[in-house]
Amino acid sequence: MMNQSIWRWPDLSARWWPVFLRNMLVWKKLAIPSLLGNIAEPLMWLVAFGYGMGALVGEINVGGGAGKVPYILFLASGSICMSAMNAASFEALYSAFSRMHVQKTWDGIMNAPVSLDSVLLAEMLWAAFKAVFTVTAILVVMLALGISHSPKLLVAWPILLVVGMMFSCIALIFNALAKSYDFFTYYFTLVLTPMMFLSGVFFPREQLPTVVRIISDWLPLTNAVDIIRPLFMDQWPATPWRHGLVLVAYTVVAYWVALALTRKRFRA
């Protein structure tokens, strides 16, 4: 076993499911505070910028045949993707690190016939579930506020699940490298925060310099926003397959790297 490559094919089985259920049972004890914490920040962004700055900006031209739309609709369609990103990242970083390193929960689970690969898969899917749960609550509030009533929002749920999986996989890479909680500050400061401002969440990307916009085209959050935003406006994305393939590619590659680095960590 020690001589096996960390890049070998994932050893997956249905034994990830009890690990997933274990995380859910623990989370249920703090479900309400957790939910309020996850939705409070994005809703504050929405109210402060959507209604505050929206009153100054008015309508904004989004292109792609949508024409001008209220700024709060533009912001809501981007912030829902940002919320999925943040919820999945927090769970796959701080909570997963606690279970892996601080509480040694993973070690206890692997004393049973459950492989490390199955544990990591359960962590990834659990973080994605938390992201979908969070964005569902936010979408309900947005519907109650009348920001959008597009029936195409039903299509957004499976897409946001993929977005949650993608960002949980990326976060698990940093989880595997972390020695302490402080390490995650670099990820939020140097990766997630710049991505929020370059991916068209708060303003159209057409405002960016050409070189920056080309780079932005391939960011994971950009492709999430570009496929979700038209659904808020009761339209279909212009190039859904391109955005979808980018999301899937990031998910697969990030999961593979996270799995390899986690195997290396536990081998050491």
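In the predicted model, Gly 50 lies within helix 2, which spans residues 31-57. Gly 50 has a relative accessible area of 4% and is therefore classed as buried, the limit for that class being under 20%. Apart from neighbours within four places in sequence, the residues in contact with Gly 50 are Trp 45, Ala 55, Tyr 71, Ile 72 and Leu 75. The C-alpha atom of Gly 50 is separated by 20 Å from that of Met 195, a residue 145 places away along the chain.

Val 47 and Tyr 51 contribute, together with Leu 145, to a nonpolar surface patch of about 270 Å². Leu 145 belongs to the loop that connects helix 5 (116-144) with helix 6 (156-177).

Helix 7 comprises 15 residues, 184-198. From its first C-alpha to its last, helix 7 reaches 20 Å, close to the 21 Å expected at 1.5 Å a residue. A kink of about 25° occurs in helix 7 at Leu 192, shortly before the proline Pro 194. Leu 192 is also among the buried residues of this helix, along with Phe 184, Tyr 187, Phe 188, Met 195 and Met 196. The packing partners of the buried residues in helix 7 are helix 3 (71-102), helix 6 and helix 9 (220-232). Just after helix 7, Gly 200 adopts a positive phi of about 80°.

Conventions:
Residues are numbered from 1 along each chain as its sequence is written. This is a predicted model: local features need pLDDT of at least 70, side-chain atom pairs count only at pLDDT 80 or more; totals for chains, interfaces and linings use all residues. Side-chain values use heavy atoms; hydrogens and water are left out. Helices (H or I, at least four residues) and strands (E, at least two) are DSSP runs, numbered from the N terminus. Buried means under 20% relative accessible area, exposed over 50%, partly exposed in between (1.4 Å probe, protein chains only). Contact means heavy atoms within 4.5 Å. Patches are made of residues with over 30% relative accessible area and no salt bridge: like charges are joined within 9 Å, nonpolar side chains (Val, Leu, Ile, Met, Phe, Trp, Tyr) within 5 Å. Accessible areas come from the Shrake-Rupley method with a 1.4 Å probe; for residues, only the protein chains shown count as cover. A salt bridge is a side-chain nitrogen of Lys or Arg within 4 Å of a carboxyl oxygen of Asp or Glu. The expected span of a helix is 1.5 Å times one less than its number of residues. The bend at a residue is the angle between axes fitted to the seven residues ending there and the seven starting there.
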